[in-house]
Amino acid sequence: MPLHLERIEWMSSPPLAPDDGPIDFAHLSRMTLGDPALECEVLTMFVAQSARMLDQLASLPPEAGSIAHTLKGSARAIGAFAVAEAAARLEAAAGDAGRAAVALEGLRDAVAE
């Protein structure tokens with residue numbers, strides 16, 4: 001059976017890094033179905049979650065990779081792609097204290113932005 005591409009509604013993928021700021025608002029709008037109140041609620045929740053997770057990561061506990069993984073997913077969901085990439089770097093470096101410390105600093109910077 002041939003695939004009829006003209007019937008498929010294509011949606012572009014989000015960029016791997018933001019082009020014009022720390023939050024990709026077009027992506028956030030898609031994820032919240034264009035509801036501005038929901039956008040605000042989701043961003044407020046993300047600010048609180050990211051602050052709490054940075055506190056948990058401060059001493060680079062054994063579960064740092066898991067915490068970074070959770071933050072990575074949350075950041076991608078709202079369009080905070082620089083935070084997601086920084087969290088991915090920390091997740092990958094979690095077993096190496098020196099690399100993890102550098103990655104944590106990058107994550108702090110990305111969240112602050």
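What follows is a close look at helix α3 (residues 64-78) and the parts around it.

Analyst: This is a predicted model, in which local features need pLDDT of at least 70 and side-chain atom pairs count only at pLDDT 80 or more, while totals for chains, interfaces and linings use all residues. Residues are numbered from 1 along each chain as its sequence is written, and side-chain values use heavy atoms, with hydrogens and water left out.

The setting comes first. The protein chain has five helices and zero strands, in the order α-α-α-α-α along the sequence. Helices (H or I, at least four residues) and strands (E, at least two) are DSSP runs, numbered from the N terminus. Of the 113 residues in the protein chain, 32% are buried. Here buried means under 20% relative accessible area, exposed means over 50%, and partly exposed lies in between, computed with a 1.4 Å probe on protein chains only. Among contacts with a separation of 6 or more, 53% join residues 24 or more positions apart. A contact means heavy atoms within 4.5 Å.

Now to α3 itself. Helix α3 has 15 residues, and the distance from its first C-alpha to its last is 21 Å, close to the 21 Å expected at 1.5 Å a residue. The expected span is 1.5 Å times one less than the number of residues in the helix. The buried residues in α3 are Ala 64, Gly 65, Ile 67, Ala 68, Leu 71, Lys 72, Ser 74, Ala 75 and Ile 78. Their cover includes α1 (25-31), α2 (36-57), α4 (81-93) and α5 (97-112). Just after α3 comes Gly 79, with a positive phi of about 95 degrees.

The packing of α3 with α2 can be described in more detail. Two packed helices are described by the angle between their axes and the distance between the axes. The axes of α2 and α3 cross at roughly 160 degrees and come within 10 Å. Axes are lines fitted to C-alpha atoms, for helices over the stretch in contact, and angles between N-to-C directions run from 0 to 180 degrees. The two helices α2 and α3 are therefore roughly antiparallel. Angles over 145 degrees count as roughly antiparallel, under 35 as roughly parallel, 65 to 115 as roughly perpendicular and the rest as oblique. The crossing of α2 and α3 is left-handed; a crossing has this hand if the near helix is turned anticlockwise from the far one by less than a right angle, and is right-handed if clockwise.

On the α2 side, the residues that meet α3 are Val 42, Leu 43, Phe 46, Gln 49, Ser 50, Met 53, Gln 56 and Leu 57. On the α3 side they are Ala 64, Ile 67, Thr 70, Leu 71, Ser 74, Ala 75 and Ile 78. By class, this contact of α2 with α3 has 10 nonpolar, five polar and no charged residues. Ala, Val, Leu, Ile, Met, Phe, Trp, Tyr, Cys and Pro count as nonpolar, Asp, Glu, Lys and Arg as charged, and the others, Gly among them, as polar.

Helix α4 also packs against α3. The buried residues of α4 are Phe 81, Val 83, Ala 84, Ala 86, Ala 87, Leu 90 and Ala 93, and they pack against α1, α2, α3 and α5. Ala 84, in helix α4, is buried with a relative accessible area of 0%. Not counting residues up to four places away in sequence, Ala 84 touches Lys 72, Ala 75 and Arg 76.

The contact joins Ser 50, Leu 54 and Leu 57 of α2 to Leu 104, Leu 107, Arg 108 and Val 111 of α5. Leu 104 is buried, with a relative accessible area of 3%. Beyond its neighbours within four places in sequence, Leu 104 is in contact with Leu 54, Leu 57, Ala 58, Leu 60 and Leu 90.
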